[in-house]
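User: I'd like to learn how to read a structure feature by feature. Could you take me through one, giving the general idea and then the case at hand?

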Amino acid sequence: MISYNEKERIFHIYNKKISYYMHVNFEGAVETLYFGKFLPSLYNIDAIRKGDIDNNSSQYFDMNLEREFTHPDIYKEGIARNEISSHGGRDKRGAPIIISQKNGAFETDFRYFSFEIVEGLPVYSDIPYVRENGVKATTLRICYKERRRAVLVYENITILEDKDIVIKNFEIVNKSNEIVPITRAFSMQLDLPDNQYKIHHFPGRWAYEREHRVNDLVEGVQEVFSNKGRSSHEENPFVFLSENEATNTYGRVIGFNLVYSGNFMFRTYTDMLMGCHILYGIGDEDFRWMLNPKETFITPQAVIAYSEEGIDKMSQEFHSLIKEHIVPPEIDKIKKPLLFNSWEGCTFTFNTESMLSYVDDSTKIGSELFVLDDGWFGKRDDDTSGLGDWVLNENKINLQAVIDRCHKHGMKFGIWFEPEMVNPDSDLYRDYPQYALGDRKLPLTPHRHQFLLDFANQEVVDNIFHQMELILDKYPIDYIKWDNNRVTNEHFSNALDAEHQGEVYHRLMLGYYNLISRLRKKYPNIFFEGCASGGGRFDLGTLFYCPQIWASDETDPICRMFIQYNTSIGYPLSTIGSHVSNSKMTCYKTKAILALFGTYGLEMNPNVLTESEIEELCEIGDVYRKYHQEVIGNGTLYHLKSPQETNAMCMQSVSKDKSKSIVIYMNKFKEQQQYRFIKLKGLDEEKLYRNSLDNEVFSGAYYQEVGLNLSRKVLYEFDCELIILEEVGGEI
Ligand code: GLA
């Protein structure tokens with residue numbers, strides 16, 4: 001809901017849980033008054049706005065009258081909390097948008113012009129966005145006009161009726177007849193009146209994605225960013241601030257994410273009043289967008305979740321937003337087939353016969369979707385060649401025979417592509433060397449022996465689309481694993497002239513989104529999974545097209561325990577691609593239980609499994625089929641023990657109707673007998689549940705207050721328990 005108090009010039013964006021107030025002052029700046037728990041009224045807004053220090057910030061010099069004036073109201077420019085800070089003037093905290101003036105001046109100053117309140121959420125054609133999906137949403141569109149150039153900015157702020165979330169972005173419109181260079185186009189600004197927060201972010205590297213790091217919000221600037229051309233292993237666009245004393249279940253927490261897959265910048269600045277000035281959007285390193293007359297630049301949507309009840313509540317808000325408004329709804333709703341992937345079992349070394357034996361043996365462990373990974377196309381027996389040539393290598397594999405065998409077993413079939421890349425040793429590169437990204441007069445930096453294709457060039461995107469079409473039209477393919485195995489270093493497009501090179505990073509993303517959305521449109525039944533050397537592009541942009549993303553190339557369950565737990569703070573388990581592998585750490589049952597707290601899949605050489613290993617996998621496969629979608633895929637997740645902070649990892653998922661719950665408890669180092677009561681969450685206090693640990697029946701209240709009793713037992717290294725609770729009838 002959104003209301004406007006015309007007399008006081010106050011917007012109130014609210015639902016039953018949260019309020020966001022802003023005020024249009026007489027200078028035309030939009031001041032942020034309050035963001036937090038629902039408040040029916042702010043009463044006296046000047047009490048919020050006033051502050052005595054720095055009277056200089058009230059003065060301005062009128063160039064026409066050649067005289068100094070004082071702002072008529074108590075507006076303190078450069079100090080007041082704003083929706084859009086100006087640039088090149090008094091405000092030094094950082095502007096979300098910077099354009100160049102015609103004479104080259106940097107000054108950018110957007111002032112209020114008009115507003116409208118519209119039902120629904122914006123829908124975009126070139127970039128991913130938060131889908132409305134039948135839920136009541138209301139958007140405030142504030143229009144600002146740049147003081148000197150004919151450029152408008154629309155600030156969209158959407159509130160969903162049923163979520164503690166607001167969605168913000170800017171649309172920049174060139175109303176002039178000249179090209180306007182934009183040198184920064186962030187998606188949002190949020191000014192908070194204090195900095196007593198910790199900042200949580202998720203840095204990492206290949207095969208060690210998303211560690212959970214917590215820093216104090218220091219004075220000055222702090223940045224969480226990627227300049228790798230993808231959201232990256234090194235940081236993730238999911239970031240949150242927690243009040244200093246907040247815990248998983250207590251305190252104020254504000255979470256942020258961006259519906260985007262490329263360079264990003266989350267920047268906090270503690271100003272001289274100890275407020276926190278937050279900017280978030282597309283990274284501005286080497287960014288310069290030449291906005292043509294009459295065209296609009298749309299910034300990706302930033303999503304802000306607010307919780308008064310600790311970190312888990314924020315996580316749950318993000319989880320339901322992602323499941324209900326980001327991932328393709330038609331795919332998330334179906335029960336996803338249990339997936340078997342060939343990669344870790346045989347990498348590039350296979351032939352038709354060996355692949356058929358994989359298909360046959362994968363059925364013994366419950367596979368419902370067989371995925372042939374890298375190595376089936378072009379000349380591709382290792383990673384030095386073949387990318388860019390999406391033509392079946394008939395000498396290596398009879399694809400139709402493999403698909404027929406899958407169908408004979410009642411299985412679906414999927415395949416691997418890495419559409420945005422080219423090996424120098426490929427026909428595509430030999431024919432079109434200019435398709436590779438990078439200035440060909442300078443040395444290029446291959447990574448995994450490959451270059452990025454220039455997806456800023458539509459001709460290149462079309463070429464790959466047509467190559468993929470030929471495969472997808474010929475073979476019945478149900479699933480595509482879409483990989484992306486290198487970062488962007490050189491970012492020079494041979495198809496763009498000098499003044500447009502600042503657009504390349506973003507145009508690469510537009511090319512990625514263009515290709516995947518065209519394919520999704522033409523092949524609506526294909527289920528796409530994202531991947532980028534594991535979890536190097538785990539973000540809301542990719543999730544818009546792919547309902548799940550391979551979380552990491554690390555499948556050792558001990559390392560995975562951290563990766564999956566931390567990833568699930570920002571993303572629902574149903575999106576976290578997790579497979580049981582041949583890793584020698586722990587037994588298959590433990591690996592499978594862990595994979596269950598993700599998408600659950602299998603990735604190994606199925607020919608070498610022993611009878612007892614097959615049994616272990618079948619046991620957990622049965623749990624997957626019986627409970628996964630209802631309790632884990634669509635359930636509510638609680639983080640009970642962090643492996644970073646304790647000697648165990650424990651998560652619990654509860655079905656929406658609270659009739660079932662599944663708990664994973666994974667020990668780290670050997671621990672002697674001790675009390676271990678795991679206090680559960682989210683159950684119905686009045687209901688009775690039988691638990692699979694000791695087969696006893698207790699009430700929801702008992703499990704929540706006394707806890708599941710894992711005491712008096714020695715837990716050995718990486719011992720893992722899977723406990724299923726099911727409601728039983730009867731009275732307490
Ligand atoms: C990446 C992926 C792996 C696998 C290989 C194939 O590393 O993360 O899962 O698909 O590429 O080359």
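User: Let's start with a single residue. Is aspartate 553 buried or partly exposed?

Analyst: Keep in mind that this is a predicted model. For burial, you look at relative accessible area: under 20% is buried, over 50% is exposed, and partly exposed is in between. Aspartate 553 has 27%, so it counts as partly exposed.

User: Where in the fold does aspartate 553 sit, and what does it touch?

Analyst: Its place is the loop between strand 30 (548-550) and helix 11 (557-570). Not counting residues up to four places away in sequence, aspartate 553 touches Trp206, Glu209, Glu344, Ser533 and Gly534. With tryptophan 206 there is also a side-chain polar contact of 3.0 Å.

User: On to the ligand. Which residues come nearest to it?

Analyst: Aspartate 553 turns up again here: of the 13 residues around the ligand, the nearest are Asp373, Asp374, Lys481, Gly534 and Asp553. Sorting that shell by residue class gives six charged, three polar and four nonpolar residues.

User: Now backbone angles. What should I look for in phi?

Analyst: Threonine 586 is a case, with phi about 65°. It lies in the loop between strand 32 (579-581) and helix 12 (588-596). Phenylalanine 718 also has a positive phi, near 60°, and is in the loop between strand 40 (708-709) and strand 41 (720-728).

User: Why does threonine 586 count as partly exposed, and why is phenylalanine 718 called buried?

Analyst: It comes down to the 20% cut-off. Threonine 586 is partly exposed because its relative accessible area is 22%. Phenylalanine 718 has 18%, so it is buried.

User: What about a lysine, say lysine 323: buried or exposed?

Analyst: Lysine 323 comes out at 16%, so it is buried. It belongs to helix 2 (residues 311-326). Beyond its neighbours within four places in sequence, its contacts are Asp332, Pro572, Ser574, Gly633 and Asn634. The one with serine 574 includes a side-chain polar contact of 3.2 Å.

User: Zooming out, how do I judge the overall shape?

Analyst: Compare the radius of gyration with the value for a compact globule. For 732 residues that would be near 27 Å, and the protein has 27 Å, so the two agree. Its C-alpha atoms fill a box of roughly 90 × 75 × 40 Å along the principal axes.

User: How many helices and strands are there, and what share of the residues is buried?

Analyst: The count is 14 helices and 41 strands, and 62% of the 732 residues are buried. Of the contacts between residues at least 6 apart in sequence, 68% link residues at least 24 apart.

Methods
Residues are numbered from 1 along each chain as its sequence is written. This is a predicted model: local features need pLDDT of at least 70, side-chain atom pairs count only at pLDDT 80 or more; totals for chains, interfaces and linings use all residues. Side-chain values use heavy atoms; hydrogens and water are left out. A residue is near a molecule or strand if one of its heavy atoms lies within 4 Å of it. Ala, Val, Leu, Ile, Met, Phe, Trp, Tyr, Cys and Pro count as nonpolar, Asp, Glu, Lys and Arg as charged, and the others, Gly among them, as polar. Helices (H or I, at least four residues) and strands (E, at least two) are DSSP runs, numbered from the N terminus. The radius of gyration is taken over C-alpha atoms; the globule rule is 2.2 Å times the number of residues to the power 0.38. Buried means under 20% relative accessible area, exposed over 50%, partly exposed in between (1.4 Å probe, protein chains only). Contact means heavy atoms within 4.5 Å. A polar contact is a pair of N or O atoms within 3.5 Å; within protein, one must be able to donate a hydrogen and the other to accept it, and residues adjacent in sequence count only if both atoms are side-chain atoms.
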